Amino acid sequence: MLTRDLLRFRLLSGRIQPKFVAADDPALRAFAGEIIQTYRNGAGNSRSALQEALEPLAGTLNDRKLAKGLLKLYDDLCEYSGASERDYAGLRRILFAASSRMLERLEEGVSRAEFRNAVFREAGEGTEILSDHLYPDLPEFELLVKIPDLTAEGLLERYNIALAQSLVLFAEALELTLEEPDGSRMRRFFKYLKFFRLLADVSKCSGWEDAAPKALRLRIDGPASMLDAASKYGLQLASFLPAVFQLSKWKFSCSLNLRGRHLRFSLDDSCGLRRRFGRLGIHVPEEVRMFAKLFAERCPDWEVSSDSPFLKGRRGQTFVFPDITFSRGERKVYLELFHKWHSRQLADRLDFLASNPSIPLALGIERKILDSNPALRNAVEEHPMYGSRIFLFREFPSVEKVRKLLENSEPELL
């Protein structure tokens, strides 16, 4: 992502227009190539040495903000030696104590190198790791161990995507219209929506005769509309955005709260942004995998899958994409989970459940949603399906609670 001071955009009548770059611009491709080559030459060097080598390069581009943005993006993709399990602070204390003792009995004529070697001998085994740097745990001394497999053109394309993502960090809500004739691609899109813990208000905007919709409208809450964990949620929304760019036709619009101003930001598929995630099957949250594993061990007569279908409401205007599907023979039960950042959508889903009792859907609700919202708590506890198809949990549902729900709701969902 780009920090606020690196955002490049124009303002026109209350609308914000990001300053995308041309990925085929020869001068910019040459500059991006110099960045990549400098990092290749600096493999194994410290972060501070790399920054020193890159500083003159940054000054060769007229747009200093663009230069810094490209440098930051590439550096963020690199891997450094990072933190070690060694207690460097403790080793320094031992070394400094040894140095203090040695100074008390320092003899005349001892050279600096001799004194240094004597201090390390006095300090003992383990402190020799500090012989090159006393502070190897500080970021500037981390070593470059891996660079991304990225071309100059790829870096410029990444910059454009990052610019759009960074602006979305200030969104109050994302209003998205998409059209995707490929049903499997539409399903992958909604898997990403779930993977990034986002829950959208979704409605159709054209005919829907097949098992999967082809054209939809979505409204996804933005970080600027949230009071709690806005920063984390904003990163999730921004990280999800490239999933939009791989659809056939799309457009989105959002209101940004940026620098004390309310601005409108809009994009569509004509902007040329493209980003492929690759295979989606690996993007299953760790807690879902752990839950599926434990559930399979304790309830072997049920099959668990995160590959859930679209569930269309009776009125045909909204649908649900559950988190987990439970199967036993011909019987299926779908579970949708609501975490603390999903509170706004929960009321609509309670209405959906009441209006569509024949759909075998169950709702799991994190208790934190209700702790600060008495009205929503009453709506949940007074719902006719509370206790049968609606249950509460902390952090993530337990296997036992879900097992009981499946057993207790069996007559109702047959």
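Trainee: Before we start, what is a salt bridge here?
Mentor: A salt bridge is a side-chain nitrogen of Lys or Arg within 4 Å of a carboxyl oxygen of Asp or Glu. Keep in mind that this is a predicted model.

Trainee: How many salt bridges does that rule give?
Mentor: The count comes to 16. One of them joins the side chains of R264 and E175, at 3.1 Å from N to O.

Trainee: Where do R264 and E175 lie?
Mentor: R264 is in strand β9 (residues 261–268) and E175 is in strand β5 (residues 171–179), so the pair ties together parts that are 89 residues apart in sequence. R264 is partly exposed at 26% relative accessibility, and E175 is partly exposed at 38%.

Trainee: What about D63, which residue does its side chain meet?
Mentor: D63 meets R8 in a salt bridge of 3.0 Å, N to O. D63 sits in the loop between α2 (47–58) and α3 (64–77), while R8 sits in the segment before β1 (9–12), so parts 55 residues apart in sequence are tied together.

Trainee: Is R8 buried or exposed?
Mentor: R8 is buried, with a relative accessible area of 11%. D63 counts as partly exposed, at 28%.

Trainee: And E400, what does it pair with?
Mentor: E400 forms a salt bridge with R403, and their closest N and O atoms are 2.2 Å apart. The two residues are 3 apart in helix α14 (residues 399–408), which means about one helical turn separates them. There is also a network: salt bridges that share partners join R47, D75 and E142.

Trainee: Changing topic. What is the strand order in the open sheet of 5 strands?
Mentor: The order is β10-β13-β14-β15-β16, with mixed pairing. β10 (303–305) and β16 (390–393) are at the edges with a single partner strand each, so one side of each has no neighbour in the sheet. On average, neighbouring strands are turned by 25 degrees against each other, direction ignored.

Trainee: How do β13 and β14 pair?
Mentor: Strand β13 (residues 324–328) and strand β14 (residues 331–338) are antiparallel, over 5 bridges. I324 stands opposite L335 in β14.

Trainee: Which helix packs on that sheet?
Mentor: Helix α11 (residues 343–355), which touches β14, β15 (361–366) and β16. Its direction makes about 155 degrees with that of β15.

Trainee: Last one: which residues form the nonpolar patch on the surface?
Mentor: F96, L134, Y135 and L138, with about 330 Å² of accessible area together. F96 is in helix α4 (residues 88–104) and is partly exposed at 42%.

How values were computed:
Residues numbered from 1 in each chain as written. Predicted model: local features only at pLDDT ≥ 70, side-chain atom pairs only at ≥ 80, totals over all residues. Heavy atoms only, no water. Patch = residues over 30% accessible without salt bridge, like charges linked within 9 Å, V, L, I, M, F, W, Y side chains within 5 Å. Areas by Shrake-Rupley, 256 points an atom, 1.4 Å probe, with all protein chains shown as cover. Helix = DSSP H or I, 4+ residues; strand = E, 2+ residues; numbered from the N terminus. Buried < 20%, exposed > 50% of the residue type's maximum accessible area, 1.4 Å probe, protein only. Pairing = 2+ DSSP bridges. Axes fitted to C-alpha atoms, helices over the stretch in contact; angles between N-to-C directions. Contact = heavy atoms within 4.5 Å.
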